[in-house]
Amino acid sequence: MYDYDLLVVGSANADLVIGVERRPAAGETVLGGDLSVHPGGKGANQAVAAARLGAATALLARVGDDAHGRLLLDSLRTAGADTVGVLVGGAPTGVALITVDPSGDNSIVVSPGANSRLTPADVRAATSLFHASRVVSAQLEIPLETVVEVVRDLAPGSRFVLNPSPPRALPTEVLAACDPLIVNEHEARVVLGDACVSEDPADWARLLLAKGPRSVVVTLGADGALVCDRSGVTRVPSVRVDAVDTTGAGDAFTAALAWRLGTGADLAEAAAYAARVGAAAVTRRGAQESYPTAAEVEAL
């Protein structure tokens, strides 16, 4: 019996967001709108997204003993996520500087702060959380050695989901645990490196699978997603909506997919549901504030 449907191990940031008419070129200054501050970070985003959908969710992360850390803890608790694994102190809370253009596309620079102090020792100290969780999800806004330790501490029978963002080459040990590895176009190219010899996303999925994951999902934005396992590649259609802000949409997709896999859905079914969750998220501004409830997803 599991206490949690999903344990997220990852980052928690304060998102500092400015709307711009266009993003600046190198050496250029542009004027933007008013600065707004929102709870974010890939780990916290996934935890909030899953909790809002109704999943029993916990987060293992680190924040600073500061106003941004309190903002994140409040957002997690309001969504219904368990913060027992959120460690406080060691460095200021991480910050993401985000510009959003009128089409809803964004550019992000992250200062990791306390996220970089989430250590393998912190993972080992949280063994009880791992054994209480059906699915474990991680990203790469925390140290890679910490993600490696997550893989080593997985409980028997649990499932590991990884979104390698920001992308980098991954150890064989981590790749072999992924079920699935979830990447967008940019992340796929970085993880594949010299093996990226095709412009066809279906080929990326096959090439990534050959590197060792048990399954792969390639997200394609408005074009939906591809899911790939030993049975082949399947396309999952998108849901057409008017995008307002894409910030955090990929995190909502990953959280929804991880949760649905834990309920017994197959990969294509889970990805189709996750696409609806991601579509609902882009119709509102912000990251965590934009995440839908299960009822809102059904109504989409």
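Visitor: Which residues have the most contacts inside the largest nonpolar core?
Guide: In this predicted model, they are Leu-59, Leu-76, Val-217, Phe-253 and Leu-257, and the core has 47 residues. At least two residues of this core come from each of strands S1, S4 and S12 and helices H1, H2, H9 and H10. Apart from it lies another core, of 43 residues, including Val-136, Val-183, Ala-205 and Val-216.

Visitor: What makes the members of such a set one core?
Guide: They are buried residues of nonpolar kinds, joined through side-chain atoms within 4.5 Å.

Visitor: Which residues does Leu-76 touch, not counting residues up to four places away in sequence?
Guide: Leu-76 touches Ala-44, Ala-47, Val-48, Leu-59, Ala-81, Thr-83 and Val-86.

Visitor: Why is H1 called roughly parallel to H2?
Guide: The two helices pack at an angle of about 20°, with their axes 8 Å apart. Angles under 35 degrees count as roughly parallel, and therefore H1 is roughly parallel to H2.

Visitor: Which residues make the contact between H1 and H2?
Guide: H1 contributes Ala-44, Ala-47, Val-48, Ala-51 and Arg-52, while H2 contributes Leu-72, Ser-75, Leu-76 and Ala-79. The crossing in which H1 passes H2 is left-handed.

Visitor: Is His-38 buried or exposed, and how do you know?
Guide: His-38 belongs to strand S3, residues 36-40. Its relative accessible area is 17%, and buried means under 20%; His-38 is therefore buried.

Visitor: With which side chains does the side chain of His-38 make polar contacts?
Guide: One partner is the side chain of Ser-36, at 2.9 Å. Another is the side chain of Glu-289, at 2.3 Å. Not counting residues up to four places away in sequence, His-38 touches Asn-13, Ala-14, Asp-15, Val-17, Leu-71 and Glu-289.

Visitor: Where is the peptide bond from Ser-165 to Pro-166, and what is its omega?
Guide: This bond is cis, with omega near -5°. Pro-166 is placed in the loop between strand S9 (159-163) and helix H6 (172-177).

Visitor: What is the form of the peptide bond from Asp-179 to Pro-180?
Guide: The bond from Asp-179 to Pro-180 is cis, and omega is near 10°. Pro-180 lies in strand S10, residues 178-183. In general, most peptide bonds are trans.

Note on methods. Residues are numbered from 1 along each chain as its sequence is written. This is a predicted model: local features need pLDDT of at least 70, side-chain atom pairs count only at pLDDT 80 or more; totals for chains, interfaces and linings use all residues. Side-chain values use heavy atoms; hydrogens and water are left out. Helices (H or I, at least four residues) and strands (E, at least two) are DSSP runs, numbered from the N terminus. Buried means under 20% relative accessible area, exposed over 50%, partly exposed in between (1.4 Å probe, protein chains only). Contact means heavy atoms within 4.5 Å. A polar contact is a pair of N or O atoms within 3.5 Å; within protein, one must be able to donate a hydrogen and the other to accept it, and residues adjacent in sequence count only if both atoms are side-chain atoms. Axes are lines fitted to C-alpha atoms, for helices over the stretch in contact, and angles run from 0 to 180 degrees between N-to-C directions. Angles under 35 degrees count as roughly parallel, over 145 as roughly antiparallel, 65 to 115 as roughly perpendicular and the rest as oblique. A crossing is left-handed if the near helix is turned anticlockwise from the far one by less than a right angle, and right-handed if clockwise.
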